[in-house]
Amino acid sequence: KNFYISSFQTRNIPHLGHEKIIKVLLSRNGLVFINPLIGLKKKGDCKNEVLEKVYKKLITFKSYNKRLFYKPVIANMHYGGPREAIHHINLREMLGFDRFTIGRDHAGAENAYKPLSALKTAKKEINNFKIDVLFHKGSYFCKKCNLVVIKNDCIHKNFVEISGTEFRNKLNNKKYFKFASKPLQAYVHRIKSSVFYK
């Protein structure tokens with residue numbers, strides 16, 4: 001198949017690591033739907049209405065060339081790690097997507113699962129599905145390449161982890177995180193309501 005419609009599951013405001021994964025999905029001829037589950041969430045997660053505003057802003061960036069769309073799924077997050085990763089694959093296959101992605105600590109929370117548990121479990125079960133799944137071990141900043149890369153996409157080992165916790169703290173304090181789009185962060189800083197569930 002030459003044309004792919006991909007689904008990107010998220011519950012976070014995107015940093016450059018998330019954007020890298022989205023761009024990998026776009027590297028095949030096709031479109032990407034930002035496809036979050038918008039049901040009940042835990043304390044500290046981005047509010048559903050804020051997530052929608054931020055991704056709709058991201059979609060307007062010229063670099064995405066009108067190939068990025070926002071379409072949520074009304075369902076709860078269960079933070080079930082490996083089992084929920086399988087559930088997410090199944091949901092996207094039933095919705096008719098061609099491609100989905102499972103990465104580091106997919107659907108995990110509070111360090112309840114090992115970072116690669118969901119990825120390993122999903123790989124074992126993938127033959128039960130027709131949907132194509134992009135598996136990856138997370139995105140990092142490579143000091144040698146001076147770029148955000150998917151782990152193992154370059155030969156270097158000099159990686160800096162892109163911390164979602166640090167990013168959330170910066171957003172809470174209206175400060176800038178070096179591994180996220182400045183225009184997008186400026187947009188978030190202008191949102192008057194609280195960004196995260198308390």
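Q: Which residue forms a salt bridge with Asp132?
A: In this predicted model, the closest N and O atoms of the pair are 3.1 Å apart. The partner of Asp132 is Arg99.

Q: Is Arg99 buried or exposed?
A: A residue counts as buried when its relative accessible area is under 20%. Arg99 has a relative accessible area of 8%, so Arg99 is buried.

Q: Why are Lys56 and Glu52 separated by about one helical turn?
A: The two residues form a salt bridge, with the closest N and O atoms 2.8 Å apart. Both belong to helix H2, and the separation is about one turn because they are four residues apart.

Q: Which element gives the largest share of the largest nonpolar core?
A: This core has 33 residues, and Phe8 and Tyr55 are among those with the most contacts inside it. Several elements supply at least two residues each, including helix H1, strand S2 and helix H5. The largest share is five residues, and it comes from H2.

Q: Where is Lys157 placed?
A: Lys157 is exposed, with a relative accessible area of 74%. It is one of the lysines in a patch of positive charge on the surface. Its place is the loop between strand S7 and strand S8.

Definitions and conventions. Residues are numbered from 1 along each chain as its sequence is written. This is a predicted model: local features need pLDDT of at least 70, side-chain atom pairs count only at pLDDT 80 or more; totals for chains, interfaces and linings use all residues. Side-chain values use heavy atoms; hydrogens and water are left out. Patches are made of residues with over 30% relative accessible area and no salt bridge: like charges are joined within 9 Å, nonpolar side chains (Val, Leu, Ile, Met, Phe, Trp, Tyr) within 5 Å. Accessible areas come from the Shrake-Rupley method with a 1.4 Å probe; for residues, only the protein chains shown count as cover. A salt bridge is a side-chain nitrogen of Lys or Arg within 4 Å of a carboxyl oxygen of Asp or Glu. Lys and Arg count as positive and Asp and Glu as negative; His and the chain ends are not counted. The place of a charge is taken as NZ of Lys, CZ of Arg, CG of Asp or CD of Glu. Buried means under 20% relative accessible area, exposed over 50%, partly exposed in between (1.4 Å probe, protein chains only). A nonpolar core is a set of buried Ala, Val, Leu, Ile, Met, Phe, Trp, Tyr and Cys residues joined through side-chain atoms within 4.5 Å.
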